[in-house]
Amino acid sequence: MLPNKTMVVALLCAILIALVVSPPYVSAIDGIPHQHFSEFFANTSTPVNQSVFASLVNDTPDSVVYPQTYQVLDDPYFMIVGDYENEINVSMEEAVNASMQFLTRYLPSNLTTGLRVAEAQENNYWPGAPQIIADYWPRWAMTLISESIDAAVYVNALSGKVTRVALFLDSSDLTMIASNAEGISLTTDQAEEAAKDFLVLHGYTLLPNAVYAGILSLPAVGKNHYTLALHESVDGVSVPFGDIFFEIEASTGIITQFEYRWIDIEHIPIESILTSEEAKLASLANFDDPNEGAAISADLFLGMLGYDPDVSEFELRLIYDVTVITTASYAYFVDAHTGEILMTSVYFGSGFDIIYSPYARMGLVFGVAILVSAVGFRIVSWKLRARSN
């Protein structure tokens with residue numbers, strides 16, 4: 001029996017190695033993967049006109065969208081420079097009223113009874129009492145409280161429309177609401193419809209350059225909600241300054257997290273930029289020996305680097321996000337016009353990205369294989385010992 005048992009253990013080890021190593025090697029350049037696990041399992045993006053949100057598309061930007069009052073520079077190359085601080089014209093009272101109306105419009109009345117704004121001395125809440133945040137996204141921020149909820153609400157300080165809500169509900173209230181709805185969790189289609197109905201209820205529209213990223217996460221143990229997202233893509237270029245995010249409680253359909261952050265951009269010229277291969281070469285040129293690393297991806301986006309809450313000016317430029325691997329993984333941000341390295345960081349993402357380096361992953365694989373083999377050997381030994389007894 002021992003040879004058969006050994007063969008089974010060896011087969012299990014081989015299957016384990018195949019499962020861990022094979023997926024990211026589906027597409028490879030010189031044997032080096034160019035996909036993260038998160039990308040391998042990621043949903044495909046869908047143009048908004050072809051999604052469940054198609055009926056909400058409008059060429060005229062919603063008032064929650066930050067306007068085209070920025071400057072477009074073409075010398076020496078394309079760049080967007082702006083500052084919305086001087087356009088703030090929403091009063092604190094108007095922002096508070098917009099926030100109150102927003103929550104009472106879609107939440108059950110038993111959750112909003114006694115709803116009020118947090119006071120300055122209640123420092124256990126964030127953002128607490130109404131305050132203006134005059135960074136790149138000028139907005140009023142405040143916390144609304146009732147006996148059942150507290151909610152962080154942010155209002156566009158240029159238009160007076162709610163741009164973000166983070167709702168915190170007591171579990172007993174959720175249980176009660178769920179029981180009224182027979183406690184049946186939403187399907188994925190119903191979750192999408194709940195997000196759409198939420199946008200309709202509050203009068204939001206979407207621009208044609210929105211892309212639906214799909215359902216990013218499903219309900220799981222300890223996390224009973226769906227997450228959905230849309231993002232902005234102009235002329236094939238991702239714009240991190242544009243995103244819409246939903247977190248939907250699965251048993252009630254209540255939107256517990258919502259954000260609509262968008263800047264109106266119509267056109268991004270990409271005719272004179274570096275190619276993705278040139279951006280990769282620019283990254284590898286930082287090594288003493290360019291052959292010691294491999295640039296496996298180069299993703300173009302219009303964005304800025306870093307964040308300073310005390311600065312209202314913003315500068316958007318075309319940047320390549322280049323992933324380079326050696327014995328570790330690195331992110332190089334490369335100016336798409338000049339090839340200048342704007343920022344470098346060690347790449348540690350979520351999930352299996354932390355073992356994105358093939359060397360680190362192979363070490364992990366062999367470690368797990370040895371562990372499985374040892375466990376299998378002990379099991380076989382115990383069974384043989386039991387039979388001999």
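**Close-up views of a predicted protein chain**

View 1. Leaving aside residues up to four places away in sequence, Leu230 touches Val48, Phe53, Leu206, Ala210, Val211, Tyr212, Ala213, Asp243, Ile244 and Phe246, a contact being heavy atoms within 4.5 Å. The model is predicted, so local features need pLDDT of at least 70 and side-chain atom pairs count only at pLDDT 80 or more, while totals for chains, interfaces and linings use all residues. Residues are numbered from 1 along each chain as its sequence is written, and side-chain values use heavy atoms, with hydrogens and water left out. Leu230 sits in strand E12 (residues 225-234); strands (E, at least two residues) and helices (H or I, at least four) are DSSP runs numbered from the N terminus. With 1% relative accessibility, Leu230 counts as buried. Buried means under 20% relative accessible area, exposed over 50%, and partly exposed in between (1.4 Å probe, protein chains only). The C-alpha atoms of Leu230 and Thr46 are separated by 9.1 Å, although these residues are 184 residues apart along the chain.

**View 2. The whole chain.** The protein chain contains 8 helices and 18 strands. It has 389 residues, of which 46% count as buried. Of the contacts between residues at least 6 apart in sequence, 62% join residues at least 24 apart. The accessible surface comes to about 19600 Å², and 56% of this surface belongs to carbon and sulfur atoms. Accessible areas come from the Shrake-Rupley method with a 1.4 Å probe; for residues, only the protein chains shown count as cover.

**View 3. Salt bridge between Asp335 and Arg317.** The side chains of Asp335 and Arg317 form a salt bridge at 3.1 Å, N to O. Asp335 belongs to strand E17 (residues 329-335) and Arg317 to strand E16 (residues 313-325), so the pair ties together parts that are 18 residues apart in sequence. Both partners are buried: Asp335 has 0% relative accessibility, and Arg317 has a relative accessible area of 17%. A salt bridge here is a side-chain nitrogen of Lys or Arg within 4 Å of a carboxyl oxygen of Asp or Glu. By this rule the model has 7 salt bridges.

**View 4. Two further salt bridges.** Side chains of opposite charge can pair when their charged atoms come close. Arg116 pairs with Glu122 in a salt bridge, with the closest N and O atoms 2.8 Å apart. Arg116 is partly exposed, at 34% relative accessibility, whereas Glu122 is buried, at 19% relative accessible area. In the salt bridge of Arg139 with Asp135, the closest N and O atoms are 2.7 Å apart. Arg139 and Asp135 are both buried.

**View 5. Packing of helix H7.** Helix H7 spans residues 276-284, and its buried residues are Ala279, Lys280, Ala282, Ser283 and Leu284. These buried residues pack against strand E15 (294-303), E16, E17 and strand E18 (341-346).

View 6. Thr112 is part of helix H4 (residues 109-112). At 11% relative accessibility, Thr112 is buried. Not counting residues up to four places away in sequence, Thr112 touches Leu103, Thr104, Leu107 and Ser146.
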